Amino acid sequence: MTDREIDEALERIAQTPHELESALLGRIADSIKSSLRPVRPLLPTWILACGLALICVAVALAGAARAGFYGIEKMGLLQRALIFPMLGILVWVAGTEFVNEMIPGSRRRLSPGALLAMASVVLVGVFALLFRDYRTEHFISAGIVCLLTGLLHAVPAALLCWLVLRRGFAVNSVHAALVAGTLAGMAGVGVLELHCANFQALHVLVWHTAVVPLSGAAGALVAWALRLRIGSSGRERRVPQ
Amino acid sequence: MARYQEGDFAAATVLIEGISPQLHRFFVAQFASRTDADDLLQETWLRIHRVRHTYRPGEPVLPWFYAIARHVRVDHYRKTMRTRAHEQRLEGISAAAATASGKSGQADDLGDLLAPLPESQREVVEMLKVAGMSLEEVARATSSSVGSVKQKVHRAYRKLRETMNAMGSGKGQGGRQS
């Protein structure tokens, strides 16, 4: 059998009408009739992505304003010129992907896993390029403080981003939460870059970067647990017969 | 679709009549029995109705419908698996007959033809060759890339060729399995 024959067989099937009972179609139409009201379509992707980016910037600035802008004050011009635009681009990419995850049938440029990997690799690459102090003083203790600070700021960022897209519909909630976590992690890294004046290369490479994958993983885990919980509650909706 | 979003019942009815056969065939092709496909179709329309604001005028409409239909099918599959596991725990016997796995009662040519394929390849072939969607639309509906869709179709065709040739059922039947 050749590809052409398979094509022909599928074409024949496609041309065969697939009849449905009119009673079934009638039941479906009746079921939506009572709740058929005008709805406002979601805003365009770029507007929603702008909203998400603004939230991340606001959370990062608010966090740093509370803790102090020691990091950005200590940075040189090159570090400022590379780190913050890079974070801005990553936030924009992650924000756009999050919007796409929340709208069925959207075009996906990156899978959630690829987005997380790309963001982590870019952060590691830029940090490795810019920070050359290879001492490891207080590596664990200072690192855990930074990691917790980043993650704690990722939580409100994730919640606010979810609020912006609450009218969306994730066909895969775990994927959507993974992307939301990655995006929120970027806000956490923003706080750390503005605030943390510890420029030891390994500290920045390990603990600052770790905020993004951990935040993404936490998001996916929460969504997975919620899906299990909702699933086990056995919610089921059917059109009345 | 825009008129449906504006609350026009006539437009909603036209959509239901136009899209439902395609979605129903999609479910049947995924090994659902006709009864299960009816249920899945109703569930899909409830979901579509609830999230109709997520469709944005100007965007391709079929990927939006199929993305939601896939979501409903996956939900149904998970529910079936949970029910089956629960019944097996309770009864300590094989619950295969009691769980309505959806594999029974399938008597559709499309289901028969695509039977050798795994689910991910089957849905892609169905959307591309039967529903007449473009590669880009299938990629949108399945939340994947165009490259990944092409790869799945290529593998599906190879598998179909191998299966049909092995079964020697290619002669004049257009590749249908018995």
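How many residues of domain 1 of chain B are in contact with residues of domain 2 of chain B? In this predicted model, local features need pLDDT of at least 70 and side-chain atom pairs count only at pLDDT 80 or more, while totals for chains, interfaces and linings use all residues. Residues are numbered from 1 along each chain as its sequence is written, and chains are lettered from A and ligands numbered from 1 in the order in which they are written.

Chain B is divided into domain 1 (1-104) and domain 2 (108-178), with bounds from an automatic or database domain assignment. In domain 1 of chain B, 13 residues are in contact (C-beta atoms, placed from the backbone, within 7 Å) with 16 residues of domain 2 of chain B. On the domain 1 side, helix 2 (9-29) and helix 4 (61-91) of chain B each give two or more residues. That side comprises nine nonpolar residues (Ala, Val, Leu, Ile, Met, Phe, Trp, Tyr, Cys and Pro), two charged (Asp, Glu, Lys and Arg) and two polar (the others, Gly among them).

Between the chains, 43 residues of chain A are in contact with 56 residues of chain B. Helix 1 (3-15) and helix 2 (22-33) of chain A each supply at least two residues of the chain A side, and helix 1 of chain A gives the most, with 10 residues. The side of chain A that touches chain B has 22 nonpolar, eight polar and 13 charged residues.

Key
Contact = placed C-beta atoms within 7 Å. Helix = DSSP H or I, 4+ residues; strand = E, 2+ residues; numbered from the N terminus.
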